[in-house]
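Please read the points below with the sequence and the model open beside you. They cover a pocket, a helix pair, a cavity and a loop residue.

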Amino acid sequence: MAIFDAIVLGLGGMGSATAYHLARRGRRVLGIEQFVPAHDRGSSHGHSRIYRQAYLEGEQYVPLLLRAYDLWRELERASGRELLRLTGGLMIGPAGSRTVEGARRSAEVYGIPYRLLDATEVRRRFPQFAVRDDEIALYEERAGALFPEDTVRAHLDLAAAAGADLRFGLRVEGWSAGADDVQVRAGGETHRAAALAITAGAWAGQPLADLRLPLRPERNVQCWWRPRAHPERFVAGQLPIFIWERGERALYGLPDLRGEGVKAAIHHSGEAIDPDEPSRAAREDEIALVRERLAEALPDLPGELRAASVCMYTNTPDEHFLIGLHPREPRVAIAAGFSGHGFKFAPVVGEILAGLCSEGVSPLPIEPFRLERFGAAPVG
Ligand SMILES: Cc1cc2nc3c(=O)[nH]c(=O)nc-3n(C[C@H](O)[C@H](O)[C@H](O)COP(=O)(O)OP(=O)(O)OC[C@H]3O[C@@H](n4cnc5c(N)ncnc54)[C@H](O)[C@@H]3O)c2cc1C
């Protein structure tokens, strides 16, 4: 039986990156994925994702985002694919709101260039946005769009080219760890490796059941629109990516990048989902809610609906990531709970897990994302 240096459980956004970073270090990697490459049943599909650096969720993310930027550009060069297109980004909300203030704080702490625009300036520079007089915006140049399916394929192709053994249509049924190795059961076989990376997205609660992590998969609908008027204002180069805090749930959007339509959706639907639930159609009431919000915020946008699809968030109670070694099994590294904002980190999460699986240490600061904050007992 082949003995591997590392097994990667789940080859979505984070797992494909992990397999690549392990393989490029010369590790013997086995990757196992229950569906096909770049499938649409998890969290990493839907044409586009937002990338930004002035991070409203907290400055602890910025070192990872800065490293991720370099890795995104490296991955583009290595794969020959366009994966990150800068469009500029607007974080909109009332003065003092978490969206504007959090982004400003991260920018200040790390010297990320930004500009604050008042309502009049926003309307003048970006007439697509019907901001209210009491709303302001932080504009960041180094923000834009990522292409998730192409990213997963790029990582998988490069991992395979570097010798990784990647198996699809195979579901991991269980794992156990001993003093010398980790054993993973899938398709009636047991595979052994020195380390295991668990990157199972919304399914993470299954292989990590013993930790009782408070992970809550959430249904989220993404919609693509044809503008009602001024379509030229909604293409990349004209429309920046945006996050707009107004009321309880933020509205976000990305320009039409490759002719797929303008993407706009509401961050956090609130509805729980079982990741194994077979029905994935977006519902009329979910689409109507987005249309309603858009009609008030970007009145020229919500024309014909081009497409809508369901994607999953995997929320933690504080909406911060879980990245680190398994608290009781030092051969097992975990990346989970990305709470709807993880994709922009995919390459750097891959690099971190490759470090954890190879040397037991992360090349970047991950202390803020430790699993122990939810009560899982540490090793020893
Ligand atoms: C609508 C929507 C919009 C988003 N927008 C943004 C954004 O703009 N910017 C951003 O940064 N992030 C965004 N995100 C979040 C981001 O996409 C996710 O955080 C990220 O894709 C999570 O990647 P993952 O690898 O954890 O999950 P996945 O990509 O789902 O990968 C997990 C994989 O594990 C496999 N798997 C699980 N269990 C098993 C098993 N037992 N055996 C074999 N395989 C298994 C699954 O099939 C899956 O392929 C968004 C998410 C959604 C849903």
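1. The lining of the second largest pocket divides into four nonpolar, three polar and five charged residues. Here Ala, Val, Leu, Ile, Met, Phe, Trp, Tyr, Cys and Pro count as nonpolar, Asp, Glu, Lys and Arg as charged, and the others, Gly among them, as polar. The charged residues of this lining include Arg249, Glu271 and Asp285.

2. This is a predicted model, in which local features need pLDDT of at least 70, side-chain atom pairs count only at pLDDT 80 or more, and totals for chains, interfaces and linings use all residues. Residues are numbered from 1 along each chain as its sequence is written, and side-chain values use heavy atoms, with hydrogens and water left out.

3. The second largest pocket holds about 160 Å³ of space. On a 1 Å grid over the protein atoms alone, a pocket is an open set of points with protein on both sides within 12 Å along at least five of seven lines, a cavity is a set where a 1.4 Å probe fits but cannot get out, and lining residues have an atom within 4 Å of a point. Points are joined across faces, edges and corners, and a volume is the space filled by probe spheres set on them.

4. Which element gives the most to this pocket's lining? It is α6, with four residues; β13 (216-225) and α6 (284-297) each supply at least two. Helices (H or I, at least four residues) and strands (E, at least two) are DSSP runs, numbered from the N terminus.

5. The axes of α2 (residues 62-79) and α5 (residues 148-161) come within 10 Å and cross at roughly 65°. Axes are lines fitted to C-alpha atoms, for helices over the stretch in contact, and angles run from 0 to 180 degrees between N-to-C directions. Trp72, Leu75, Ala78 and Ser79 in α2 meet Thr151, Ala154, His155 and Leu158 in α5, where contact means heavy atoms within 4.5 Å. This contact has five nonpolar, three polar and no charged residues.

6. The largest cavity has a volume of about 40 Å³. Leu75 and His155 are among its lining residues, and α1 and α2 each supply at least two.

7. Arg28 is found in the loop between α1 (13-24) and β2 (29-33). Leaving aside neighbours within four places in sequence, Arg28 is in contact with Ile3, Phe4, Asp5 and Ala6. Arg28 is partly exposed, with a relative accessible area of 48%; buried means under 20%, exposed over 50%, and partly exposed in between (1.4 Å probe, protein chains only).
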